[in-house]
Amino acid sequence: MRENANNDRFDLVLFGGTGDLAMRKLLPALFYGVRDGGLAGATIIGAARQPLGIDEYRALLTEQVPRHIGEADFDDAVWQRLLSQVRYVAIDATQPADFAALAAQLSNDEAVPRVFYLATTPSLFIPICQHLQSAGLVTPATRVVLEKPLGRDLASSRTINDAVGEIFTEEQTYRIDHYLGKEMVQNLMALRFGNTLLEPLWSRSYIHDVQITIAEELGVGTRGEFYDNTGALRDMVQNHVLQCLCIVAMEPPASINADSVRDAKLQVLRSLRPYLEGDLPHKTVRGQYRSGAIEGAPVTGYLKEDGIAPSSQTETFVALKAEIDNWRWAGVPFYLRTGKRMQERLAEIVINFRPVPHSIFETASGTPHNQLVIRLQPDDGLGLEINTKTPGDSMRLSPKLLNLALRDTREARRLDAYERLLMDVVRGRLALFVRRDELEAAWAWIEPIRDGWDRSGEAPKGYTSGTWGPAASSALVGRFGCAWHEED
Ligand code: NAP
């Protein structure tokens, strides 16, 4: 498919155009696109069941969206320009007849790309695609964007992919994992493949262990019912955590094109060692938050949140020891951890290098090992701990931090992940979207964990809100002679 320029003509249909994702992420991303001089050829069509006239929809957007755009960035002239490009269609996605109204809003020129962004519950993905096709709205220049979660296990993800695949080719299908749109995740590729410095050290010979943490302070909020049916393993590990792991662990791709990168990630997923039933007690931990305090304010426990079943065993925390069975990584543990109501909001990748083979310096516990910390949020940056001599007479060493805060040094404005991804859909760039085989390999790897936990009947371990999870999480890494980064 040909790449489009920023201002080419295209139609963008937002199914779920009145929903939270549209208001918080998609419309702000479009605002910035217009502000930066793009999207001049876009017609943006909100679609949802609520019967709204165009003026009412524009009023709803004006009420809901600006608060999600930085105050310093908001510009009413830009906002009005965006609104002038917005349309609205009241459509029940389960009703084939409603799609005629959508047809009337789209360009008659089949060469004009159509983007159907499905920001709705996944149970609507199949009917929407089928009704689009029956209404004759799928042209060769059409793209479909699928939000997570894409299924709740391998079988249901295959069902969705099969049905969508009957109508759209893989090249027309954009599966969102917004972590891939994060500046620092892409910077990780720049770091690895744009410097000679790290790649020679990037293997079992010099790396002792890798840690990936995605921690949230938030609880389940208003998404209780959805979350209780999902849990942290499906909600975070299957997608964001594994995508980060792939970028850390993949072989250098032949080029930066979509399939080279996705082939390299797929190889990692296929090299992940499957869990056997006996592995689960010592290689996995699941937890559930109890009441506690976040930034000094008391918060309620998971079981008391709205929409949660009274004796729910859904995990809000997961820690795993993952292993990659290939020549580069054999024997290097990848510790993965994610949770809600943790001590701080943080996403980081920590590379712990091996200690020097023989220490000649005066240190009580040997020469400290080098550590590279790649911070994805809240602020992106890199920290490298290197050993230097402690001032004074003796030849003692202490680690010093080389810190690169990318927020301060970047010249261009930082793009929000959704902004980058939406613009990539418009341009027809697939590299930052998840291919079907990657998605299914990820589901296949986590499924034995989910099944094993269900079979064990064991309850998740409680942890106090505002901490780093259950004590068993420290014990998991401790058993293999490691400590989580914050416990160093
Ligand atoms: P939401 O606030 O509940 O919005 C759902 C949208 O779908 C509404 O616009 C709703 O409008 C529309 N809708 C529901 N049933 C419909 C039907 N039969 N026909 C047409 N439209 C229908 O949900 P959301 O938070 O925006 O999330 C949407 C999807 O994105 C979910 O799959 C979610 O998991 C995923 N997601 C959300 C976020 C986020 O930050 N919110 C982040 C990542 C992924 P009407 O009721 O008027 O029809």
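Helix 9 and helix 10 (residues 258–271) pack with their axes within 9 Å, crossing at roughly 105°. In this predicted model, that angle makes helix 9 roughly perpendicular to helix 10.

**Helix 9 with helix 10**

- On the helix 9 side, the contact is made by L242, Q243, L245, C246, I247 and A249.
- Helix 10 answers with K265, V268 and L269.
- Sorted by class, this contact has seven nonpolar residues, one polar and one charged.

**Helix 9 with helix 14**

- As background, two packed helices are described by the angle between their axes and the distance between the axes.
- The crossing of helix 9 past helix 14 is right-handed.
- Helix 9 brings L233, R234, V237, Q238, L242 and Q243 to this contact.
- From helix 14 come E438, L439, A442, W443, W445, I446, I449, R450 and W453.
- The contact of helix 9 with helix 14 counts ten nonpolar, two polar and three charged residues.
- L242 and Q243 are worth a look in the viewer: they are listed in the contact with helix 14 and also in the contact with helix 10.

**Helix 1 with helix 3**

- Elsewhere in the chain, the axes of helix 1 (residues 20–35) and helix 3 (residues 76–84) come within 9 Å and cross at roughly 110°.
- Helix 1 and helix 3 are therefore roughly perpendicular to each other.
- Here too the crossing is right-handed, with helix 1 passing helix 3.
- L27, L30, F31, V34 and R35 of helix 1 meet V78, W79, R81 and L82 of helix 3.
- By class, the contact between helix 1 and helix 3 holds seven nonpolar residues, two charged and no polar ones.

**Cavities**

- Two cavities of 30 Å³ or more are found in the structure.
- The largest cavity has a volume of about 140 Å³.
- Its lining consists of 15 residues, and I176, Q238, N239, V434 and L439 lie nearest the centre of the largest cavity.
- Helix 9 gives the largest share of it, four residues.
- The lining of the largest cavity divides into seven nonpolar, three polar and five charged residues.
- Q238 and L439, two of the residues nearest the centre of the largest cavity, also belong to the contact between helix 9 and helix 14.
- The second largest cavity has a volume of about 30 Å³.
- R273, P274, Y275, D279, K283, K321, A322 and E323 line the second largest cavity.
- That lining is made up of five charged residues, three nonpolar and no polar ones.

**The second largest pocket**

- The second largest pocket has a volume of about 460 Å³.
- There are 20 residues in its lining, and L198, L201, F353, N370 and L384 lie nearest the centre of this pocket.
- Strand 14 (381–389) and strand 15 (397–405) each supply at least two of the lining residues.
- The classes in the lining of the second largest pocket are 14 nonpolar, five polar and one charged.

**Backbone details**

- For context, most residues other than glycine have a negative phi, and most peptide bonds are trans.
- The peptide bond from K148 to P149 is cis, with omega near 0°.
- P149 sits in the loop between strand 5 (142–146) and helix 6 (154–167).
- Q377 and P378 are also joined by a cis peptide bond, with omega about 10°.
- P378 belongs to the loop between strand 13 (371–377) and strand 14, and strand 14 also contributes to the lining of the second largest pocket.
- L39, a residue other than glycine, has a positive phi, near 65°.
- The loop between helix 1 and strand 2 (42–48) is where L39 lies.

Conventions:
Residues numbered from 1 in each chain as written. Predicted model: local features only at pLDDT ≥ 70, side-chain atom pairs only at ≥ 80, totals over all residues. Heavy atoms only, no water. Axes fitted to C-alpha atoms, helices over the stretch in contact; angles between N-to-C directions. Parallel < 35°, antiparallel > 145°, perpendicular 65-115°, else oblique. Left-handed = near helix turned anticlockwise from the far one by under 90°. Contact = heavy atoms within 4.5 Å. Nonpolar A, V, L, I, M, F, W, Y, C, P; charged D, E, K, R; others polar. 1 Å grid on protein atoms, 1.4 Å probe; cavity = no way out; pocket = protein on both sides within 12 Å on 5 of 7 lines; lining within 4 Å. Points joined across faces, edges and corners; volume = space filled by probe spheres on them.
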